[in-house]
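Let's take a walk through this model, from its cores out to a couple of helices. Keep the structure open as you read.

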Amino acid sequence: EPVDSSLPASPQLLHNDHHRLNDSHPLFQAFNSNGRAKQYPHLLKYINALSRSLPLTFRLRKEGSAATAQHDAVIQELQSSQHNNLVSVVKYDPSQTIYQATSESELSKSNLSKVSPSLKELLVNGSQDGTLARQELGSMLPVLCLSAGNWLKPGSKVLDLCASPGSKTLQALEIAASSSSSPKRNETKNAKLGRVIANDVHSARLDSLKDAVDRSGLDDILTSRVTYTNFDASVFPPPKSGKLFDAIIADVPCSGDGTIRKDKHILPNWSPATGNALHGLQLKILMRALELIKVGGVVCYSTCSLNPVEDEAVVAAALKRMCNKNARKKNGDVKVEKDVQSAPAVELIEWPKDLLPDFKRRPGVEQWRIAGYSNSVDKDSTSDDDEGDVNDDFGQLSWYDSYEKAKEAGMAYVEETMWHPDEDENEEHGINLKYCSRLWPQDQDTGGFFVALIRKNRPI
């Protein structure tokens, strides 16, 4: 279902205490105006979820630490009468390694110390000895997808383009630097171990990432398989060896509207301009990732945003550009009809079939609208509200049907690639945006997240 890129848009909607919604809650009042709640009941559930704190989530590491033998003891502790009413295995995970706070406990990172000091101690110790990793569900999805499709496996060469703070780097490392044939860590000396290149453009964030890897509790044999780089992801250099990457994680910088439940600063600073300003950079990073992935390899593009401008618009634009680039390269800059018998140079692929059965995810949207605040303010406008009309502070929200109209109106950060492709473009370039996956907060009591898997079929 299409999601407007304007939800919600006012600091007056801030929910510092994350109270549950009732009829007097400002989020409810704002959304219920003009009968919107009846017209879009699913979005009311979405806003209701945003008004609650994000539940505590963590995963048990499958291997890769000296503490692997302690897993059974940790599981017994988690299942004890002291903790089993606080956290439990999520029902859609056959591996039974993903844990989430129960809905009854309302346990979150912020209240963990107060609610259960003993559970906090267990999680802290487990994080330090490598038994478990505190990681949100959305953050787990890119590596889970790549692993389920067998694109990321023991021995793989993996690039994490925007790696800090490091949760995905560590998750990928546990797989790529492990050995499928050697269950014991001290037997992997002669096995082919993979490598994860962890890149971040900010040197300070890269230092934090290194610290996170050092504190992870993973064996030295694994952590030695991380290479740290400090490049702009949009111009990441090609490997000197000439060997491209088996799998690439492109969890790009984004507006972060999917993190509203854990970061109270996101909502009051939110504006359509935030995502609009990032769209161009996100597209450049995805384009570079598709150039660096090997033929047959897969790029996982992801954001912690549900804004189509940062999600499907970026994916569609990258697919179009890459297919056009491939056609020009093969035909001397002459545009030709696509061979319907051959696969496109790059293509969206579906969610891995057996990954997280019963996990509820939404398909990518195929149409969306582009919004921006006008620079002009009607100083003569009045409001019955003592605090004044919110438009006095932010200008009038305007919607634009085309790039030309937005540019003519002076919309900030306007890019032609922000608008959704039409049916002819989708057919010409083999774009099926429904193959993208959206994680809505109300479905599994999580944050918001977006994932797209793109496979490279031919050299570009």
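Setting aside neighbours within four places in sequence, Leu161 is in contact (heavy atoms within 4.5 Å) with Asn199, Asp200, Ala233, Phe236, Ile248, Ile249, Ala250, Ile285 and Ala289. Bear in mind that this is a predicted model, where local features need pLDDT of at least 70 and side-chain atom pairs count only at pLDDT 80 or more, while totals for chains, interfaces and linings use all residues. Residues are numbered from 1 along each chain as its sequence is written, and side-chain values use heavy atoms, leaving out hydrogens and water.

Leu161 also turns up in the largest nonpolar core, which has 49 residues; together with Ile248, Leu286 and Val315, it has the most contacts inside that core. A nonpolar core here is a set of buried Ala, Val, Leu, Ile, Met, Phe, Trp, Tyr and Cys residues joined through side-chain atoms within 4.5 Å, with buried meaning under 20% relative accessible area (1.4 Å probe, protein chains only). Among the elements that each supply at least two residues are strand S8 (245–251), helix H11 (272–292) and helix H12 (312–330). H12 gives the largest share, 8 residues. Apart from this core lies another, of 40 residues, including Val90, Tyr92, Ile249 and Leu439.

Now for the helices, which are DSSP runs of H or I with at least four residues, just as strands are E runs of at least two, both numbered from the N terminus. In helix H3 (residues 41–50), the buried residues are Leu43, Tyr46, Ile47, Ala49 and Leu50. Seen down the H3 axis, they fall within an arc of 155° (taken from the directions from the helix axis to the C-beta atoms), so they line one face of the helix.

Last stop: Asn426, in helix H15 (residues 423–429). Asn426 is buried, at a relative accessible area of 14%, and touches Pro421 and Ile431, not counting residues up to four places away in sequence.

Technical notes
Buried < 20%, exposed > 50% of the residue type's maximum accessible area, 1.4 Å probe, protein only.
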